[in-house]
Amino acid sequence: MILIQGKGVSRGVVKGPLYFYQRTDRQIVQRVCEDLEAEKARLADAQQRSIEQLGVLAEKCREEAGDEAAVLFETHAMFVEDDDYVECIMDMLDSEQCNAEYAVQQAGEQFAAMFAAMDDAYMRARSADIRDVTTRIINNLLGIVEGGIDSDVPVILAADDLAPSETLQLDKSKILGFALQGGSGNGHTAILARTMGIPAICGMGDALKPELEGRTAYIDGETGRVILDPDNLTLQTLREKFEKQEQLKALMQTMRGQEDVTLDGRHINVYCNIGSPEDVAAVQANDGQGIGLFRSEFLYLASSDYPTEDEQFEAYKTVAAAMNGKRVIIRTLDIGADKNVGYFDLKKEENPALGVRAIRICLNRPEVFRTQLRALYRASAFGKVAIMFPMITSVWEVKECRRACEAVMKELKAEGIPFNPETEIGIMVETPASVFVAEDLAKLVDFFSVGTNDLTQYTLACDRQCNDLGKFFDPHHPAVLRALKMTADAAHKAGIWVGICGELGADLSLLPTFLAMGIDELSVSPASVLPLRAEIRKSIAQLCTLEALEC
Ligand code: PEP
Ligand code: MG
């Protein structure tokens, strides 16, 4: 038996083959090629495969999201064969006598730059499409598998670590679980695993060797263990755990359709955290009563260029419409720290968690902010959208955010574009500064949502990405819980509601504390909704105390 101990960061037991993540290294070097005909044949083959893949994607999209969405892939397929584009590649091959991937990359860059310089906003937006198509052809030339998993069967994905952008681009239907040498339970890859309801273990170090590729393994997200060739006793324990897990899932289904109310009648909103429109299916399957946090930056992370206003609008509108009148809180761009987006060209910083991130980027780059706010307000005409700003520390920031909202509403009104002028505006309370000035902030917004992941990081001076901090990163620390209480009191004093959208919201052991504080909303990963509902329904709010706040 081989047992590798790590840290469980997303619960569940699964069995499957270990597969080591193929990192797509697209460093393309120019090579001199003697046999140009052979390069052209390789190119033709890669173009053909790209067209076939795009055809499959368009079909899948048409079935799942309708004709409009499928058009994107059909347009991409047309670009692959576009006369000017192909001619540019051929010219490059002939003049440089180079390898096909280099010619495609150069031609793609030229074309993307040409589109990016156009006056018409629609044409400018096509430069991202050209980059996508170029990447696809290059991948096919290099034999790189999109999504990093070249396997016919679902696998346990092993890696040194995964950036959130890498995790987002994976084909989720092929992943049974994650096993990572590095990583941290509080980083966004672990959060994504929980959102997707996929068991995950991090911090396994060198013991997770690439030589184990292809071997059948069990992972237990609760104990943080990866096990190969289990002995009989271990196998029996794993099987029992698996059966219990399935029984519990079935039992939890009885919670669907039930109200989130305590035995003494206190109602609390149980919402979900999502990262993309695809996650709405899990919200509905688990009967989430709203979206408490849509991490909009994942749209930016999954994209190779700035998502356009229309692209964002489609994503927000899809979620708002699918939630059918239930509240959908969309957080504006929160990049920086572990969520790095190449095309933003963010400077390398000594302390990125304390640097130019989140709302600071939006306030520094009004055009980026405006594009997103326009998309958000346009989507507000299709459901109950609320807008939330991350990483707030000061009253002036909120005033500037509100001014940006007003300006966008004025524009849309002048253009005759429908939007909801009553769209709720809220902020994330996730810095100690925002806790200290919460009474002033509460006068400016409609709601607070506490980001306990960052609030813990900044209150305890503990880097959430660092896996070695162990017990020092303690979201149960009385300082964090007292900050929560101060936030809740400030909100209620101003007559606004307060929720929690950090990972702590799903911590059942703290539910009595949250009830005692009068927290109005808990936003959790979709898989946590029904267990949380079961716990709420057996609680008595009046008997809950704040003893967890004592040292
Ligand atoms: C938080 O900080 O608690 C939060 C919900 O935001 P994120 O984890 O995306 O930083
Ligand atoms: Mg945060």
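**Reading the labels of a predicted model**

Modeller: Leucine 543 lies in the segment after α20 (529-537). Keep in mind that this is a predicted model.

Biologist: Is leucine 543 buried or exposed, and how do you know?

Modeller: Its relative accessibility is 62%. Exposed means over 50%. Therefore leucine 543 counts as exposed.

Biologist: Which residues form a nonpolar patch on the surface?

Modeller: Leu263, Ile540 and Leu543 do. Together they have about 320 Å² of accessible area.

Biologist: Now the strands. How do you know that β1 and β8 pair?

Modeller: Pairing needs at least two bridges. Strand β1 (residues 2-5) and strand β8 (residues 225-228) have 4 bridges, so they pair, in the antiparallel sense. In one of these, glutamine 5 has arginine 225 of β8 as its partner.

Biologist: What joins β7 to β8?

Modeller: Strand β7 (residues 216-220) is joined to β8 by 4 bridges, and the two run antiparallel. Isoleucine 219 stands opposite valine 226 in β8. The hairpin has 4 residues between the strands, and glycine 224 in this hairpin takes a positive phi near 75°.

Biologist: Why is helix α7 called largely enclosed?

Modeller: Because 8 of the 9 residues of α7 (residues 188-196) are buried. These are His188, Thr189, Ala190, Ile191, Leu192, Ala193, Arg194 and Thr195. Just after α7, glycine 197 takes a positive phi of about 70°.

Biologist: Which residues come nearest to ligand 1?

Modeller: There are 16 residues around ligand 1, and the nearest are His188, Arg295, Arg331, Asn453 and Arg464.

Biologist: Why is the pair of arginine 131 and glutamate 109 called a salt bridge?

Modeller: The limit is 4 Å from side-chain nitrogen to carboxyl oxygen. Here the N to O distance is 3.6 Å, so the pair counts. It links distant parts of the chain: arginine 131 is in helix α5 (residues 121-142) and glutamate 109 in helix α4 (residues 100-116), 22 residues apart.

Biologist: What else forms a salt bridge with arginine 131?

Modeller: Aspartate 305 does, with the closest N and O atoms 3.0 Å apart. Aspartate 305 lies in the loop between α10 (297-301) and α11 (309-322), and arginine 131 in helix α5, so this pair ties together parts that are 174 residues apart in sequence.

Biologist: How are aspartate 305 and arginine 131 classed by relative accessibility?

Modeller: Buried means under 20%. Aspartate 305 has 14%, so it is buried. Arginine 131 has 26%, so it counts as partly exposed.

Biologist: What do the side chains of arginine 374 and glutamate 411 form?

Modeller: They meet in a salt bridge (2.7 Å, N to O). Arginine 374 lies in helix α13 (residues 366-379) and glutamate 411 in helix α14 (residues 395-415), so the pair ties together parts that are 37 residues apart in sequence. Salt bridges that share partners join Glu309, Asp310, Glu367, Arg370, Arg374, Arg378, Glu411 and Glu415 into one network.

Definitions and conventions:
Residues are numbered from 1 along each chain as its sequence is written. Chains are lettered from A and ligands numbered from 1 in the order in which they are written. This is a predicted model: local features need pLDDT of at least 70, side-chain atom pairs count only at pLDDT 80 or more; totals for chains, interfaces and linings use all residues. Side-chain values use heavy atoms; hydrogens and water are left out. Patches are made of residues with over 30% relative accessible area and no salt bridge: like charges are joined within 9 Å, nonpolar side chains (Val, Leu, Ile, Met, Phe, Trp, Tyr) within 5 Å. Accessible areas come from the Shrake-Rupley method with a 1.4 Å probe; for residues, only the protein chains shown count as cover. Buried means under 20% relative accessible area, exposed over 50%, partly exposed in between (1.4 Å probe, protein chains only). A residue is near a molecule or strand if one of its heavy atoms lies within 4 Å of it.
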